[in-house]
Amino acid sequence: MLDTLRSAGSNLSYKQLHDRVLAKVHSQFAAQTPMLQGEGDVRVFGVERIPAQYAVPVLQINASGDVVQINAGEVQGIKPGARFAIFPLGSADLSDLTASIAQVEVTDVGDVDCFAKVVKATSTAGLGRRRAGGVAGGHGHRLQAACWWTSPTQR
């Protein structure tokens, strides 16, 4: 949690902090799911509200940096072919695809998670570099995924 607070700056909500902690804990201890109680849109150690941006945590990145595990699955309505844009945690505008690190397409869907293959690396600091310089074991990266279309008919 402290590394997230240090790296995210002052524009972090309790929901964003919870998402990061959830990704770190759940990727290492699948039976544990930290819960957020209270108002998640309040700035950490503040009173201001931060407008919600709907995104889900990236749980893991494989060794080659071309497949990610995302914390959303069939229960959330995710289907094979759905596309997500991957952003650093705390990104201000999740609708700006040019600010994303990568764009991924879902290939395998579980009940509460999915795996997606990178279809476009949009940043020189792509997922492979994040994997290499990330948290030990490839878990709990400071990344979030925002869904920007959900079926091949929406392309």
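1. Accessible area here comes from the Shrake-Rupley method with a 1.4 Å probe. On that basis the chain of this predicted model exposes about 8,300 Å², and carbon and sulfur atoms supply 55% of that area. Of the chain's 155 residues, 40% count as buried.

2. Secondary structure: the chain has three helices and six strands. Their order along the sequence is α-α-β-β-β-β-β-α-β. For contacts between residues at least 6 apart in sequence, 61% join residues at least 24 apart.

3. The largest pocket holds about 560 Å³ of space. It is lined by 33 residues, and those closest to its centre are K15, D19, Q53, Y54 and A55. Three elements, α2, β1 (56-61) and β6 (143-149), each supply at least two residues of this lining. Helix α2 gives the largest share, five residues. As a general point, rolling a probe the size of a water molecule over the atoms shows where empty space is left.

4. Helix α2 spans residues 14-28, and Y14 is found in it. Y14 also takes part in a nonpolar surface patch of about 320 Å², made together with L36 and F45. The relative accessible area of Y14 is 31%, so Y14 is classed as partly exposed. The cut-off for patch membership is over 30% relative accessible area, and the 31% of Y14 should be read with that cut-off in mind.

5. Salt bridges: the count comes to five. The cut-off behind this count is a side-chain nitrogen of Lys or Arg within 4 Å of a carboxyl oxygen of Asp or Glu. In general, side chains of opposite charge can pair when their charged atoms come close.

6. One of these salt bridges joins the side chains of E39 and R49, at 2.1 Å from N to O. Both E39 and R49 lie in the loop between α2 and β1, 10 residues apart. E39 has a relative accessibility of 47% and therefore counts as partly exposed.

7. R49 also forms a salt bridge with D41, where the closest N and O atoms are 2.7 Å apart. D41 is partly exposed, because its relative accessible area is 26%.

8. A further salt bridge pairs D66 with K117, the closest N and O atoms being 3.6 Å apart. D66 lies in the loop between β1 and β2 (67-70), whereas K117 lies in strand β5 (residues 114-121), so this pair ties together parts that are 51 residues apart in sequence. D66 is partly exposed at a relative accessible area of 26%. K117 is also partly exposed, with a relative accessibility of 40%. As for shared partners, salt bridges join E39, D41 and R49 into one network.

9. Is I86 buried or exposed? At 0% relative accessibility, I86 counts as buried, because the cut-off for that class is under 20% relative accessible area. I86 has its place in strand β3 (residues 83-88). The C-alpha atom of I86 is separated by 9.4 Å from the C-alpha atom of T122, and these two residues are 36 apart along the chain.

How values were computed:
Residues are numbered from 1 along each chain as its sequence is written. This is a predicted model: local features need pLDDT of at least 70, side-chain atom pairs count only at pLDDT 80 or more; totals for chains, interfaces and linings use all residues. Side-chain values use heavy atoms; hydrogens and water are left out. Patches are made of residues with over 30% relative accessible area and no salt bridge: like charges are joined within 9 Å, nonpolar side chains (Val, Leu, Ile, Met, Phe, Trp, Tyr) within 5 Å. Helices (H or I, at least four residues) and strands (E, at least two) are DSSP runs, numbered from the N terminus. Buried means under 20% relative accessible area, exposed over 50%, partly exposed in between (1.4 Å probe, protein chains only). Contact means heavy atoms within 4.5 Å. On a 1 Å grid over the protein atoms alone, a cavity is a set of points where a 1.4 Å probe fits but cannot get out, and a pocket is an open set with protein on both sides within 12 Å along at least five of seven lines; lining residues have an atom within 4 Å of a point. Grid points are joined across faces, edges and corners, and a volume is the space filled by probe spheres set on the points.
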